[in-house]
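Hello,

Here is the structure we talked about. Please open it and keep it beside you while you read.

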Amino acid sequence: MSSSRGGLLVVTGLLGLVAVEAFPGRVSRAADLWCPEAALTDGQLEPVLKRIVEEGPRAWGDTGVPENTPPPWMDKKRMAAGRAFLERYPLASLFGHVHGLYLLFAVRSVLDVLVFTGNSDTPDEAFIRYMDTLKGVGSWYSSDFFTPGTPGYEQLKRVRSLHSLVRKDMADRPQDEVRNKTRIAGSFKGCPMSAALRRDLGRQASTACPRRTAKQDADNDIGEDTGVPGAVWMSQYDMSVTQWAFVGPIIQFPERYGVGNATVEELDGFVHLWEVIGYTLGIDDKFNFCQGGLEPTVRRSREVLSTIVLPGLRAAPPPWEYMARCMADGLGYLLPGVGFETQLASLLSVTLDSPAPAVASQLSAAQRQAVAGYRGVMDSLRRDGDGVLLTPVRRLYKQILPILSTSVPLEDVKRLRHRRPHRSKNCYPEL
Ligand code: HEM
């Protein structure tokens with residue numbers, strides 16, 4: 001382990017010792033999280049979400065709206081509030097987005113596309129891919145993406161055309177060939193975390209939701225092909241669920257991402273910013289996950305997590321772990337010391353407040369310290385009423401991130417990326 005990694009673990013570990021108090025203000029009863037039926041109001045999905053789930057998978061994922069035309073309903077004041085929120089809480093957006101991506105991989109129709117393109121299935125590829133994602137999203141947070149020439153506009157054009165190339169390629173090829181390419185060849189070796197995850201989450205669900213049937217469970221199994229008949233690749237459903245990945249964890253659990261003092265206006269602005277980003281990437285208004293403001297979007301977020309994402313994660317197959325490890329190892333170039341095990345355990349025990357003994361038993365002592373440190377940092381930030389901690393954290397973050405990203409030998413990574421396919425030794429396909 002490099003000295004910088006060791007140093008970071010010690011710092012986070014010490015912070016964990018200082019702040020050991022568990023989070024108050026837990027979102028809801030465990031049953032609401034782990035039992036899909038209990039999460040619904042009157043047994044029904046929220047109406048917009050119902051449409052997204054029922055009609056979205058068959059709807060082409062891009063409306064074709066021009067790139068530089070703002071939606072007629074855009075509200076500049078709400079956009080500014082959203083950007084101010086992101087400026088104020090950089091750690092929440094970083095960790096919230098990374099957690100959102102792990103959770104998104106549990107949606108089979110999205111995971112399949114990422115496997116198909118093969119652009120994130122080694123740590124090196126994933127590093128480049130997710131650095132580009134962070135760059136793209138960061139540019140939308142910091143610049144006006146409707147004005148040609150701004151970084152936000154250029155990124156938007158790039159992402160939209162990448163999406164459209166992949167979407168068209170997948171639609172035009174013979175579907176047998178596409179299906180083959182959405183599978184990682186070979187049988188998997190290792191992958192201890194997906195097995196542990198299935199055990200832990202299965203136990204949670206059967207305790208919270210004893211009357212759930214095997215058939216209901218199988219319907220959400222991302223290990224099987226349970227595709228919707230007539231579904232298209234990268235559909236409006238997939239786009240909308242991806243919007244959820246960026247906003248859902250943060251607005252559903254703000255206090256667990258250290259966002260203790262955000263105002264309703266700030267959170268609503270964040271949701272609106274993503275409503276506009278979604279529109280500009282081609283999401284139809286009727287499938288826009290963020291429509292209607294903060295309150296209905298929080299309800300939809302809760303329902304997506306409980307009825308789509310967690311049941312998928314509960315059946316996490318080895319490819320889920322493989323792709324998630326590639327992302328974690330790739331991001332590890334940027335965030336040394338924060339590996340897959342630590343990130344997964346933080347997501348489960350801090351964000352979802354879920355006991356996960358099988359996952360915890362896979363952690364080393366240093367990894368346990370890092371999780372405690374993460375919990376400590378988030379808890380301290382949440383209680384940081386006057387922003388005494390937040391201001392230096394924000395400054396440090398702004399200074400450290402560019403230094404870390406330039407210290408990574410990007411050119412070396414690009415050169416080597418095809419030669420080091422399986423560095424995720426704990427979970428890899430045997431070719
Ligand atoms: C709100 C929705 C979405 C946002 C904000 C978003 C964001 C991004 C960004 C920033 C990139 C650029 C990364 C790069 O430059 O390499 C990208 C590329 C890409 N995205 Fe999306 N995306 C969304 C939805 C989706 C969905 C639903 C899928 C698949 C089902 C998808 C699949 C891809 C693919 C295949 C690429 C090209 C790079 C690769 O092969 O991995 N995206 N996206």
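**What I found**

Let's begin with one cysteine. Cys-209 is buried, because 20 other C-beta atoms lie within 10 Å. Its place is in the loop between helix H11 (192–208) and helix H12 (214–219). Now look for Cys-35. Cys-209 and Cys-35 are 174 residues apart in sequence, yet 5.1 Å apart in space, C-alpha to C-alpha.

Keep in mind that this is a predicted model.

**The whole chain**

The chain has 21 helices and two strands. Of its 431 residues, 45% are buried. Take the contacts between residues at least 6 apart in sequence: 84% of them join residues at least 24 apart.

How far does the confidence go? The mean pLDDT of the chain is 82, and 81% of the residues reach 70 or more. Two stretches need care. Over residues 1–27, pLDDT stays under 50, and the model has 41 contacts beyond four places in sequence for them. Over residues 412–422, pLDDT also stays under 50, with 13 such contacts in the model.

**Around the ligand**

Which residues come nearest to the ligand? They are Thr-117, Asn-119, Asp-132, Gly-136 and Asp-238, out of 22 residues around it. H8 gives the most, with five residues. By class, the shell has 10 nonpolar, nine polar and three charged residues.

**The core**

The largest nonpolar core has 104 residues. Phe-105, Val-241, Val-247, Val-309, Met-323 and Met-327 have the most contacts inside it. H13 gives the most residues to this core, nine. Pick out Val-309 next. Leaving aside residues up to four places away in sequence, Val-309 touches Leu-103, Ala-106, Val-107 and Val-304.

Helix H4 spans residues 47–55, and its buried residues are Val-48, Leu-49 and Ile-52. Why are they on the same side of H4? They cover an arc of only 100° around the axis, so they share one side. An α-helix has 3.6 residues a turn, so residues three or four places apart point the same way. The face turned away from the buried side of H4 carries the exposed residues Pro-47 and Glu-54. What covers the buried residues of H4 includes H13 and helix H15 (294–314).

**Two positive phi angles**

Which residues other than glycine have a positive phi? Asp-42 is one of them, with phi near 50°. Cys-191 is another, with a positive phi of about 60°. Asp-42 is found in the loop between helix H3 (36–39) and H4. Cys-191 is found in the loop between strand E1 (187–190) and H11.

Is each one buried or exposed? Asp-42 counts as exposed, because it has 4 C-beta neighbours inside 10 Å. Cys-191 is buried, because 22 other C-beta atoms lie within 10 Å.

**One last stop**

Go to Tyr-428, in strand E2 (residues 427–430). Tyr-428 is buried, because 21 other C-beta atoms lie within 10 Å. Then find Pro-318. Tyr-428 and Pro-318 are 110 residues apart in sequence and 8.5 Å apart in space, C-alpha to C-alpha.

Best wishes

Methods: Residues are numbered from 1 along each chain as its sequence is written. This is a predicted model: local features need pLDDT of at least 70, side-chain atom pairs count only at pLDDT 80 or more; totals for chains, interfaces and linings use all residues. A residue is near a molecule or strand if its C-beta atom, placed from the backbone, lies within 6 Å of it. Helices (H or I, at least four residues) and strands (E, at least two) are DSSP runs, numbered from the N terminus. Ala, Val, Leu, Ile, Met, Phe, Trp, Tyr, Cys and Pro count as nonpolar, Asp, Glu, Lys and Arg as charged, and the others, Gly among them, as polar. A residue is buried if 20 or more other C-beta atoms lie within 10 Å of its own, exposed if 12 or fewer, and partly exposed in between; C-beta atoms are placed from the backbone. A nonpolar core is a set of buried Ala, Val, Leu, Ile, Met, Phe, Trp, Tyr and Cys residues joined through C-beta atoms within 7 Å. Two residues are in contact if their C-beta atoms, placed from the backbone, lie within 7 Å. The arc is that of the directions from the helix axis to the C-beta atoms. pLDDT is the predictor's confidence in each residue, from 0 to 100.
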